[in-house]
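Here is a friendly note to read alongside the model. Please keep the viewer open as you go through the points.

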There are 2 protein chains.
Amino acid sequence: MTQQIDEAAMRRAIEAKRDGAELGADTWEGIVAGYLRGTIDDAQMSAMLMVSLWRGLSIDETAALTKAMVESGERIEFPAEQIVVDKHSSGGVSDIVSLVVVPLAAACGARVAKLSGRALGHTGGTIDKLDAIPGLRTALSIEEFIAQVERIGCAIAAQSERLVPADKRLYRLRDRTGTVPSIGLITASILSKKIAGGARAFVFDVKCGPAAFMHRREEAEELARELVAVAGRFDRRARALVTDMSEPLGRSVGTGIEVIEARNFLRGELRDMRVREAALRVAGELLALAGIAHPSESAAHALDSGAAYEKLVAMVEAQGSTRAALEGMALPERSVEALATLDGYVNSIDAVEQGNLARAWSTSESTGGIIVGARIGDRVSRGDVLARGFGSRANAEALQRTFTIASEKPDPRPLVYSCHPERSAEGA
Amino acid sequence: MTQQIDEAAMRRAIEAKRDGAELGADTWEGIVAGYLRGTIDDAQMSAMLMVSLWRGLSIDETAALTKAMVESGERIEFPAEQIVVDKHSSGGVSDIVSLVVVPLAAACGARVAKLSGRALGHTGGTIDKLDAIPGLRTALSIEEFIAQVERIGCAIAAQSERLVPADKRLYRLRDRTGTVPSIGLITASILSKKIAGGARAFVFDVKCGPAAFMHRREEAEELARELVAVAGRFDRRARALVTDMSEPLGRSVGTGIEVIEARNFLRGELRDMRVREAALRVAGELLALAGIAHPSESAAHALDSGAAYEKLVAMVEAQGSTRAALEGMALPERSVEALATLDGYVNSIDAVEQGNLARAWSTSESTGGIIVGARIGDRVSRGDVLARGFGSRANAEALQRTFTIASEKPDPRPLVYSCHPERSAEGA
């Protein structure tokens with residue numbers, strides 16, 4: 001039963017939330033429906049978003065809001081006998097995990113149906129990266145998406161306008177009213193799209209650190225907990241990792257340049273250890289959720305045998321491109337070098353700035369961007385190459401400024417801070 | 001220097017406020033200007049209002065917002081040599097103090113320039129009350145208002161549309177977005193209108209209790225403190241009383257019926273002790289601010305000599321009505337009685353409900369409403385008249401339900417809880 005929420009009822013709901021009350025599921029349903037129908041305007045919705053950020057949303061409220069958002073549009077339905085899985089990152093720099101893990105998990109027998117977004121702020125978007133592969137289509141119809149997952153085991157498509165239209169409108173409003181950083185609202189936004197996307201199990205990679213949307217560890221842990229708990233309310237299995245984002249995850253920053261790194265990684269040409277750790281961990285969790293036996297061994301084998309790379313090629317071909325197009329992708333000719341100006345240890349890398357630079361440098365050439373040579377903690381000598389910038393707009397000085405060097409070696413940081421296992425619906 | 005605030009700057013301002021920052025005076029000025037100009041829309045303003053309610057506004061911020069609001073419209077200017085005073089109530093039931101005190105203080109030689117509003121919710125509005133006097137005009141032009149204060153010493157006029165247009169728009173938005181009860185926003189709303197109204201000194205009567213907008217004592221004290229402190233920033237002397245609103249202040253509830261009570265009070269026919277205490281206290285503070293010697297004695301004398309009543313008549317005549325019209329005002333013929341159903345003490349009176357009933361009963365006859373016979377703490381016997389309802393729609397049963405009777409005498413409550421004296425600008 002949807003409660004009809006008109007202007008007066010919305011005012012009372014805002015006041016109740018303001019005064020500390022928890023709103024019922026029918027109220028959240030009525031709010032989303034009323035907003036889409038136009039009986040609730042942006043002004044009232046904006047007050048509700050801010051009061052939700054202030055007071056927080058309970059798990060019940062977040063689940064109710066998520067459900068109302070899912071019901072605002074179409075839903076993708078995979079055949080009931082398939083355990084389709086999906087993987088989501090909260091957004092980072094040089095986060096090539098999706099590009100690696102989707103074909104990797106599919107090569108192990110899982111069905112991976114990934115709906116992805118565009119870049120947000122300084123972070124990369126998997127759809128923007130895939131768009132750099134000549135001829136590749138990410139605007140799959142729902143029918144094409146389902147058929148491709150069934151046929152080759154995986155697909156990565158752009159979020160359809162037909163799924164969760166409420167999220168698009170709400171996100172735009174949140175963006176201009178300072179109401180983005182609410183754990184409850186973020187959870188509802190992420191999860192509504194995942195649930196409408198049809199997968200039965202999810203792995204969430206919640207990035208944490210100066211180059212992530214969650215700067216503080218506690219916030220990231222809270223988001224991870226919420227994602228798993230609210231997914232449980234929808235009878236979806238979910239695990240959430242909290243991972244470090246204090247420097248670029250991989251070695252490349254950009255769009256096409258990250259596709260090249262993912263391609264080379266899967267072909268065994270360049271295996272950055274942090275990318276390997278992240279990819280195997282995420283793949284392992286995905287495979288476990290998909291019910292595949294010996295997840296870790298299976299993933300390592302698919303990687304080393306080249307099966308994962310062949311699955312990437314199959315996906316690229318299924319989405320309208322070719323092996324030759326993928327393998328022909330190359331770095332721009334022009335490059336600049338950022339050099340160490342003193343001896344010492346790399347103390348910090350400004351990944352936010354690198355994300356912004358790479359975005360600018362990849363506008364003229366789709367494989368423009370940054371290749372990071374030195375990681376935090378690496379010992380460097382004056383004159384060593386810290387990173388290379390690629391593309392006609394690449395600027396050595398700007399790139400150099402993203403590094404600080406100190407005489408002391410900084411404490412090492414783990415890549416994976418924690419893993420939140422799935423819960424039963426009762427445990428949520 | 002007004003800072004231009006566009007959509008992006010407004011988003012940053014909301015985010016800064018959300019994260020605990022204090023916004024500068026130029027930002028507040030830019031926000032109000034941008035809102036009136038249309039570069040800031042209701043959605044962003046609503047988020048700013050909610051975040052201001054959440055985080056609170058500092059005295060500096062409230063003063064800056066007040067100033068920006070004052071500057072959104074015209075200002076009334078009295079001749080510099082006149083110390084014009086004004087009195088404001090935060091809104092109550094049976095609050096006839098303005099009707100009594102304005103002529104009373106003027107009879108003592110003060111110049112009282114009162115701009116007043118309409119009823120809000122269950123509370124009465126002085127303008128609605130004056131409108132019940134046949135022929136009386138409250139829509140005075142600014143020029144008429146100034147001239148009348150100069151000629152007879154007092155005037156009560158409706159808030160002009162030309163003063164503080166920002167307040168009207170902001171209040172409408174606050175009303176529907178749950179952002180009314182913010183001390184800072186309330187202070188800016190009240191004070192901007194008072195300052196634009198031209199008076200140099202103010203007495204604020206902040207009502208506190210179940211029938212006031214401030215239910216809790218601490219909130220009322222905080223509002224009183226803020227009003228005095230922010231007035232000081234504008235070089236205005238101000239005092240604020242916190243007074244009880246757990247039962248109707250006077251003996252009558254309605255519009256014309258309250259004019260009759262005020263008239264009779266000034267004529268010496270009916271002198272409710274609480275009304276007398278409130279009126280003499282407010283008048284005393286007003287006269288002290290106006291620089292009149294021996295305020296208390298002066299006020300008591302003007303009341304007892306009939307000079308205050310003659311000043312009321314002069315004001316009524318100056319605003320287009322007549323002594324005969326005022327003196328001819330009478331209660332409606334039809335009345336009903338609410339009787340005590342048991343022996344005991346009046347334990348509570350639901351003044352909110354009485355305000356709502358009186359509003360309904362005064363729509364057909366302008367002097368319809370309620371005459372309260374028993375006060376909280378009065379001993380009553382079964383069958384005693386607790387109150388009378390007047391007007392064709394008056395309903396004895398509904399009126400009776402506004403009283404509760406208990407066997408124990410409730411603890412007495414003071415009428416005036418506290419007085420916040422004016423501060424110098426530095427002390428604010």
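1. In which sense do strand 1 (residues 84-89) and strand 4 (residues 201-208) of chain A pair, and over how many bridges? They pair in the parallel sense, over five bridges. Strands pair if DSSP finds at least two bridges between them. One bridge partner to look up is A:Asp205 in strand 4 of chain A, which goes with A:Ser89.

2. Before going on: this is a predicted model, where local features need pLDDT of at least 70, side-chain atom pairs count only at pLDDT 80 or more, and totals for chains, interfaces and linings use all residues. Residues are numbered from 1 along each chain as its sequence is written, chains are lettered from A and ligands numbered from 1 in the order in which they are written, and side-chain values use heavy atoms, with hydrogens and water left out.

3. Now the whole sheet: six strands of chain A form an open sheet in the order 3-2-1-4-5-13, with mixed pairing. Strands are DSSP runs of E, at least two residues, and helices runs of H or I, at least four, numbered from the N terminus. Strand 3 (154-158) and strand 13 (416-420) of chain A each have a single partner strand, so one side of each lacks a neighbour in the sheet.

4. Turn to chain B, where helix 2 (residues 25-37) and helix 3 (residues 42-55) have axes 11 Å apart. Contact (heavy atoms within 4.5 Å) involves residues including B:Trp28 of helix 2 and B:Met45 of helix 3 of chain B.

Methods:
Axes are lines fitted to C-alpha atoms, for helices over the stretch in contact, and angles run from 0 to 180 degrees between N-to-C directions.
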